[in-house]
Amino acid sequence: MLTAAIAIAAAQVAAPAPADYRDTANWLCRPGREDACTVNLDATVVAPDGSRTIEKFTPAANPKFDCFYVYPTVSTDETPNSDLSIDAAERRVAMIQAARFRSVCRVFAPMYRQVTMKALRAVMTGQPSGADPVLGYRDVKAAFDDYMKHDNQGRGVVLIGHSQGARMLSQLLEREFDGKPAAMKPIISAMPIGFNLDLAAGQRTGTLKSIPTCASATETGCVVTYVSFRATVPPPAKSRFARAAVGMQVACTNPVALGGGSATLDAYLPTGSLIGSAPAFAWSKGGAPVTTNFVKLPGMIAGACVVKDGASYFEMTLKPDPADARTDDIPGDLMVGPQRLDDWGLHLIDMNLALGDLVKLAEVQAAAWEKKR
């Protein structure tokens, strides 16, 4: 009994302290200050003839709703779980994925003690990670609770996350919102992108029993989610994404065509990598380097939700013209040296493929939510 008591006491002493989200240093992005979401977001638009224009970014002057964003696995900390200090990796991903939503909403993005890149690499090589995934979830829940208590003030909110961040949000939805209509009232929609959210085959619900995938742009209280792959490189048989257990399928909602079908995407492609650094890319043949943080290639990228060979995913198709001056391809594959990891698909640019469309959809859904309240 004494030994057990000592062990319990030791575990209690060793347990990390709860994160304090009244401390604004624990927020990656918050409205009303200069931070990771207020960097320059101008985009270089490359026309088929190779000419370039700059699309200026303008944040909303008085946004009527909020966005709560949880970032993917990017931490370069050398521990299994990250700390709460904001590093270059977190600032970069907020710029690439979340900051553009400031054109329509106030963006709140908490730091959380996520499973780090080092721990992920250990798992990928069959080693124990030593990470505690529950710690990250507790942080995200605490941050959302703090936001609801101190910042929401009756506003609608869109939940946005990618990869590990999408998993955090999916768990939050399942545990705190699924089957709870009162709790769902402020939720305009949820966008857990780059994560296998399972549905009953042919249905709009599954893991989330009462929160369906979105079927129209004016539907609210629903989920927009997908995992993306090139049409030319579909999910392999043992893909980590796009494949579910028997009788289930991974949810896919095309943010441009929620009712189904293919559509041209309003892609904002980052000129830097989601993780680490990226070599310079030639966006046009013989063109000068792009100096903005984003590139647009109008009309060149299309997407459709497909079910093929037992996989359900967002299929990205390029429409290159060898005769025009633009690149015939785009970066976005996960590479280890010269080797492309096909089972990851276009995970690094999941959100960027349809980022403009996701922002527009959030705005339309927010207007629909406002009319229904």
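Start by selecting strands β10, β16, β15 and β12, which in that order form an open sheet of 4 strands with mixed pairing; strands here are DSSP runs of E with at least two residues, helices are runs of H or I with at least four, both numbered from the N terminus, and two strands pair if DSSP finds at least two bridges between them. At the edges lie β10 (228-230) and β12 (263-264), each of which pairs on one side only.

Before going further, note that this is a predicted model, in which local features need pLDDT of at least 70 and side-chain atom pairs count only at pLDDT 80 or more, while totals for chains, interfaces and linings use all residues. Residues are numbered from 1 along each chain as its sequence is written, and side-chain values use heavy atoms, with hydrogens and water left out.

Within this sheet, select residues 301-308 and 311-318, that is β15 and β16, which run antiparallel and are joined by 8 bridges. If you then pick C305, you will find F314 of β16 standing opposite.

Next, move to another open sheet of 4 strands, ordered β3-β2-β14-β13 and again of mixed pairing. Its edge strands, each pairing on one side only, are β3 (52-55) and β13 (269-270). Selecting residues 43-46 (β2) together with residues 294-296 (β14) shows a parallel pairing over 3 bridges, in which K296 of β14 is the bridge partner of V45.

Now select C67, which has its place in strand β4 (residues 65-70). Is this residue buried or exposed? C67 counts as buried because its relative accessibility is 1%, where buried means under 20% relative accessible area, exposed over 50%, and partly exposed in between (1.4 Å probe, protein chains only). Leaving aside neighbours within four places in sequence, C67 is in contact (heavy atoms within 4.5 Å) with F101, C105, R106, V107, F108, V157, V158 and I160.

Finally, show the whole protein, whose secondary structure comes to 7 helices and 18 strands. Along its principal axes the C-alpha trace spans about 80 × 50 × 45 Å. Buried residues make up 52% of the 373 residues, and among contacts with a separation of 6 or more, 78% come from residues 24 or more positions apart.
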